[in-house]
Amino acid sequence: MSSILYLGGKKYNIEGTILDTVININLNPDSFLFLIDGILIPSDTVPEDGKEVEAIEVASGG
């Protein structure tokens with residue numbers, strides 16, 4: 001069993017850290033917040049097997 005990253009309506013198997021996975025799909029990890037069970041977690045987290053990680057895109061600017 002592996003962990004799943006939900007990002008932009010798609011599911012990705014997490015290989016290593018969340019950061020590794022986001023970089024491997026050619027996205028900027030600084031553009032997202034990551035949550036497990038509604039709790040904010042750092043992108044260098046290696047989720048336990050079976051955990052679901054939700055990525056929320058953040059917007060900034062002036």
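Leaving out neighbours within four places in sequence, I36 is in contact (heavy atoms within 4.5 Å) with I41, P47, K51, E52 and V53. The model is predicted: local features need pLDDT of at least 70 and side-chain atom pairs count only at pLDDT 80 or more, while totals for chains, interfaces and linings use all residues. Residues are numbered from 1 along each chain as its sequence is written, and side-chain values use heavy atoms, with hydrogens and water left out.

I36 also belongs to the largest nonpolar core, which has 11 residues in all, among them I41 and V53. Such a core is a set of buried Ala, Val, Leu, Ile, Met, Phe, Trp, Tyr and Cys residues joined through side-chain atoms within 4.5 Å. At least two residues of this core come from each of β1 (4–7), α1 (18–24), β3 (32–36) and β5. The most, 3 residues, come from β3. Helices (H or I, at least four residues) and strands (E, at least two) are DSSP runs, numbered from the N terminus.

K51, one of the contacts of I36, sits in the loop between β4 (39–41) and β5 (52–57). K51 counts as partly exposed because its relative accessibility is 28%; buried means under 20% relative accessible area, exposed over 50%, and partly exposed in between (1.4 Å probe, protein chains only). Beyond four places in sequence, K51 is in contact with S3, I4, I36 and D37.

S3 lies in the segment before β1. S3 is buried, because its relative accessible area is 3%. Apart from residues up to four places away in sequence, S3 touches Y12, N13, I14, P47, E48, D49, G50 and K51.
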